[in-house]
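Visitor: I'd like to learn how to read charged pairs and helices in a protein model. Could you walk me through one?

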Amino acid sequence: MEFETRSGRPVEVRAADDGAIIVEGYAAVFNSDSEPLPFIERIAPGAFAKSLKSRNNIRMYMNHDSSMLLGTTRSKTVRLVEDSKGLFVDADLPDTSVGRDLSVLMQRGDVDSMSFGFTVPQGGDRWSDDGTRRELRQIRLFEVSVVTGFPAYAATSASVRSLDALATRTGIDADQLAREVVEPGTSGLAAVHRI
């Protein structure tokens, strides 16, 4: 199982009555097509249920960076709920340099996306026969992140590492797929985006 990340969900920041800064938003939305990875991915309702019931300590980071910890479920500074829309995150930002910097960036509107880091247990996903679509049915959640970078489902090292399997499945050259992930529209794979 390879660790993967997905990003690009909207997030908001607000002040609580006691002055604490709270971040909330959806780290994942169900039944919504991803941007081309270059395959199209959807998350099925209930995909996070088992992971959330396990009571594992799920951390919240900035940019998937463990040195920029924002909170944990164990400390109850991060609260996660799977509702009918997706994986909802409600978290108290810490009074640390990372927390304060993030608060300022979010209040200015510079940062407004969430993400999650995960693995897929065996049998937890389903691929179309041609390898152009993937449905995530069960997700082993490790972390959620507020991200400052790229738009929804940005190219990550984890998604690039899984290109060999996708290339084999689709019959498309792995280097060409990698170029498409990094610079969409430059590799001549426009058909992948329209599927």
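Predicted model: local features only at pLDDT ≥ 70, side-chain atom pairs only at ≥ 80, totals over all residues.

Visitor: How many salt bridges does the structure hold, and which residues are linked in a network with Arg42?

Guide: In general, side chains of opposite charge can pair when their charged atoms come close. Here there are 10 salt bridges, and Asp33, Arg42 and Arg133 are linked in a network of them. Asp33 and Arg133 have their closest N and O atoms 3.6 Å apart.

Visitor: Is Glu41 buried or exposed?

Guide: Buried means under 20% relative accessible area, exposed over 50%, and partly exposed in between (1.4 Å probe, protein chains only). Glu41 is buried at 0%, and so is Arg134 at 7%. Their side chains meet in a salt bridge (3.0 Å, N to O).

Visitor: Which residues of H2 are buried?

Guide: Helices are DSSP runs (H or I, at least four residues), and strands are too (E, at least two), numbered from the N terminus. An α-helix has 3.6 residues a turn, so residues three or four places apart point the same way. In H2, the buried ones are Val98, Gly99, Leu102, Ser103 and Met106. They fall within an arc of 130° (taken from directions from the helix axis to the C-beta atoms), so they line one face of H2. On the other side, Gln107 and Arg108 are exposed.

Conventions:
Residues numbered from 1 in each chain as written. Heavy atoms only, no water. Salt bridge = Lys/Arg side-chain N within 4 Å of Asp/Glu carboxyl O.
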